[in-house]
Amino acid sequence: MCNSMKPLLILLTGLFWTVSVYADCDGTGLWIFPSGQSIKQNSIFVLGGYAESQHVILGLNKKHSIYLKSGHKKIKLLVTEICVGQFYLTQAVLKPETELEPDLEYTMYIDSLPKNENFNTYNRTTHKYEPVTYKVVAEKDVEKPTLSEKPKEIRKSLVHFGCGPSIHVVFSNPAKDNSDVTVKTILKNVKTGKETTFYIEPDGDIINVGHGMCSGAFDFDDSNNYEIEFSFMDSSGNLTGWTGERIQFTKPTKQTDLHNE
């Protein structure tokens, strides 16, 4: 489910970590969108939490204050939306309480984290984990992502591993934008009528819907028929919404040859 709240209150999907019941996986993990180091003055953020770290997401600005800091300047991040995935993932959409100042460098902080939590990001240049830091570009982004066509199903994937299956339905990603894009995905189980909303970061020109061996935004139960819609949001919160009928599809049921992945 995904809950919207008033402002005063808010690469394969989820293969980074998993619950402690699986011997090959850890039990915590936090990550942030956008992942780059440059943002616009009106940037928004999406913070994801895996397994035990879901408690951090649900406790933001209650037990765990979250904010940006540059020198003595401190900007609170408001939680505008909470999305609970189906397989050990929860995320929050965050909006700065006041506009970011151009040319400043801000570091993101989360207070009172448990001792086993580590909120850092991997720097591909230095090959080290570092604090989550952004440099603000002196401009606002008000342009929505553009679509060359509607997304369409490309293939299905089902691979059984020792700790559980990795299962995905892969769709095309037709979105273009000058900044990072995340996909607001609404999946409906046709049999039960249940809908689940989660923001998925596309993998280049594809969108993976499902879950990895350990975790993921969406799970497929005994039902076979599903429908889905995609809305595309850039890192400044500009949203190109879905229009028309949702895409109908069935879940993967046949084992995929790893050599064909």
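**Working chat on a predicted model**

Reader: What does the accessible surface of the protein come to?
Author: The accessible surface comes to about 13500 Å², and 49% of that belongs to carbon and sulfur atoms, with areas taken from the Shrake-Rupley method using a 1.4 Å probe and, for residues, only the protein chains shown counting as cover. This is a predicted model, in which local features need pLDDT of at least 70 and side-chain atom pairs count only at pLDDT 80 or more, while totals for chains, interfaces and linings use all residues. Residues are numbered from 1 along each chain as its sequence is written, and side-chain values use heavy atoms, leaving out hydrogens and water.

Reader: And what is the mean pLDDT of the protein?
Author: The mean pLDDT, the predictor's confidence in each residue on a scale from 0 to 100, is 89, and 88% of the residues reach 70 or more. Over residues 4-23, however, the pLDDT is below 50, although this stretch has 57 contacts (heavy atoms within 4.5 Å) in the model beyond near neighbours in sequence. Where pLDDT is low, the predicted coordinates should not be read in detail.

Reader: Which strands form the open sheet?
Author: The order is β13-β14-β18 with antiparallel pairing, and two strands pair if DSSP finds at least two bridges between them. β13 (153-161) and β18 are the edge strands, each pairing on one side only.

Reader: Why is β14 largely enclosed?
Author: Eight of its nine residues are buried, so β14 is largely enclosed by the rest of the structure; buried means under 20% relative accessible area, with a 1.4 Å probe and protein chains only.

Reader: Which residues touch the most other members in the largest nonpolar core?
Author: Among the 32 residues of this core, they are F171, I207, V209, F220, I228, F230 and F249, a nonpolar core being a set of buried Ala, Val, Leu, Ile, Met, Phe, Trp, Tyr and Cys residues joined through side-chain atoms within 4.5 Å. β19 gives the most to this core, with five residues.

Reader: What is V209 in contact with?
Author: Leaving aside neighbours within four places in sequence, the contacts of V209 include I167, F171, F220, I228 and F230. A second, separate core of 24 residues includes I32, L60, I82 and I110.

Notes
Buried means under 20% relative accessible area, exposed over 50%, partly exposed in between (1.4 Å probe, protein chains only). Helices (H or I, at least four residues) and strands (E, at least two) are DSSP runs, numbered from the N terminus.
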